[in-house]
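This note is written for a colleague who is meeting the structure for the first time. Please keep the model open while reading the numbered points.

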Amino acid sequence: MAADDHPIDLLFIAWSYSKGGGAEQVLSHLINGLHRTGRFRISLLEVSHEDVAWPPLPDDVTVLPPVLDETRSDPLYRVRRHRRRRLLDSQPEKVRDEVRDGHRFDLVVAFNYLYPTFLAYDDEPLISWNHGTINDLEDRPEACEMQRKAYDRAAAIVAIAERTRQSIADLYPECAPKLRVIHNGFPFEEIRSKAAQAPSLTLSHPAVVAVGRLDENKNPLGIVRGFAGINEMEPEAQLYFIGQGALEQRARQLADELGIADCVHFLGYHCNPYPLIKQADCLLSLSRVEGFQTVIVEALSLGVPFVSSDAGAARELSGQGRFGAVVSAPDQVPSAYRRVAEAAADPRWRQETARFVEQFSVENQVEAFCRLADEVLGERSA
């Protein structure tokens, strides 16, 4: 990083900061951690602004007007928004010039691939930060080539998990020297403090929780099917969905068809889900695609084991089966649930888990970011 005293002007470009997802929480933790170092003057640009949630930011972080404001419905803006959407796919540099008006930053972090990387200027030091695998680009030749050009001009490419790193190296082998893994960071003291608050509901045991949007990717129907096997094995078991989404009604119908409707509960979105997660006996996640499952690390930090699909960082986070189990289909969930329950019953399990998750602290992530920024800006000035 620069040797003089003034803060580094740092711009984060994110797809969204307002959708209420795990990536937004991770970015909030990172920005707040970097702010505490005093080394950065931070700005944030959203591609898509929505109104689901807005994680906390320091007061002096500059939030730029979004590229696409999905909360506005006035006719003139709808026309402008439609035009920008089309340009993002064909001529993103025109959108960049409109929203950024030529302003340069000392360092830019594109907080995921595709559109955020397209909105950096060619002469800005760029770190491309990737939250998940990029295999979808194999079937999208135009987007694949646009991403290749963005990676070519990036000074460094960050993957948050080994699976993500490998997917980038497979598709763009020339980028391998720029790649490094920096895991997501979590404020464990804050999570445990929030978990100590009075819960809105006392869960019945054995309690299985599923946290996240009820959409195709999070696979709530697969979760219901997997839980049906647990319930057959343990008739007192209860499933609690924490989140909302388009597939809620179909998940309710499936639970009814399987005869477990009385054991499946839909709790909606909770801004503080930790008091509920803390009560659980197991977290169940059967996502199709993930980057680095925030909720798995949060659950482990609260002493809750997990069963997960083989997505994102699930294998890394399982600790070779000590802290969680990875399955390839819902019918494998019951036996996996039994394994993690037996592991968690070991009196040493909680202490081992606490030591294991400490590597994913915000402090470690911030330290890794600062080292990378020093490297990128040092090479730039050399």
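Is Arg100 buried or exposed? Arg100 counts as buried, at 5% relative accessibility; here buried means under 20% relative accessible area, exposed means over 50%, and partly exposed lies in between (1.4 Å probe, protein chains only).

1. Basis of the note. This is a predicted model, in which local features need pLDDT of at least 70 and side-chain atom pairs count only at pLDDT 80 or more, while totals for chains, interfaces and linings use all residues. Residues are numbered from 1 along each chain as its sequence is written, and side-chain values use heavy atoms, with hydrogens and water left out.

2. The salt bridge of Arg100. The partner of Arg100 is Glu124, and the closest N and O atoms of this salt bridge are 2.4 Å apart (the term requires a side-chain nitrogen of Lys or Arg within 4 Å of a carboxyl oxygen of Asp or Glu). The pair links distant parts of the chain, 24 residues apart: Arg100 belongs to helix H3 (residues 92-100), and Glu124 to the loop between helix H4 (115-118) and strand E7 (126-130). Helices (H or I, at least four residues) and strands (E, at least two) are DSSP runs, numbered from the N terminus. Glu124 is buried as well, with a relative accessible area of 2%.

3. A salt bridge between two loops. Arg104 and Asp123 meet through their side chains in a salt bridge of 3.1 Å, N to O. Arg104 sits in the loop between H3 and strand E6 (107-111), and Asp123 in the loop between H4 and E7, 19 residues apart. Arg104 is partly exposed, with a relative accessible area of 39%, and Asp123 is partly exposed at 40%.

4. Further salt bridges. The count for the model comes to 28 salt bridges. One of them joins Arg85 and Glu70, with 2.8 Å between the closest N and O atoms. Arg85 is in helix H2 (residues 75-90) and Glu70 is in the loop between strand E5 (68-69) and H2, so this pair ties together parts that are 15 residues apart in sequence. Both residues are partly exposed, Arg85 at 35% and Glu70 at 32%.

5. Five bridges pair strand E10 (residues 207-211) with strand E11 (residues 238-242) in the parallel sense, and Ala210 stands opposite Phe241 in E11. Strand E14 (residues 306-309) contains Ser309, which is buried at 11% relative accessible area. Beyond neighbours within four places in sequence, Ser309 is in contact (heavy atoms within 4.5 Å) with Ser285, Leu286, Ser287, Ala314, Val326 and Val327.

6. Nonpolar cores. A nonpolar core is a set of buried Ala, Val, Leu, Ile, Met, Phe, Trp, Tyr and Cys residues joined through side-chain atoms within 4.5 Å. The largest has 65 residues, and Phe12, Leu34, Trp129 and Phe369 have the most contacts inside it. Helix H15 (residues 362-381) gives the most to this core, with nine residues. Apart from it lies another core of 34 residues, including Ile13 and Leu114.

7. Helix H6. Which residues of helix H6 (residues 162-171) are buried? They are Thr164, Ser167, Ile168, Ala169 and Leu171. The elements that cover the buried residues of H6 include E7, helix H5 (141-153), strand E8 (156-159) and strand E9 (179-181).

8. Cysteines. A search of the whole structure finds zero disulfides, a disulfide being a pair of cysteine sulfur atoms within 2.5 Å. For Cys282, the nearest cysteine sulfur is that of Cys263, 16 Å away. Cys282 counts as buried at 1% relative accessibility, and Cys370 is buried at 8%.

How values were computed: Two strands pair if DSSP finds at least two bridges between them.
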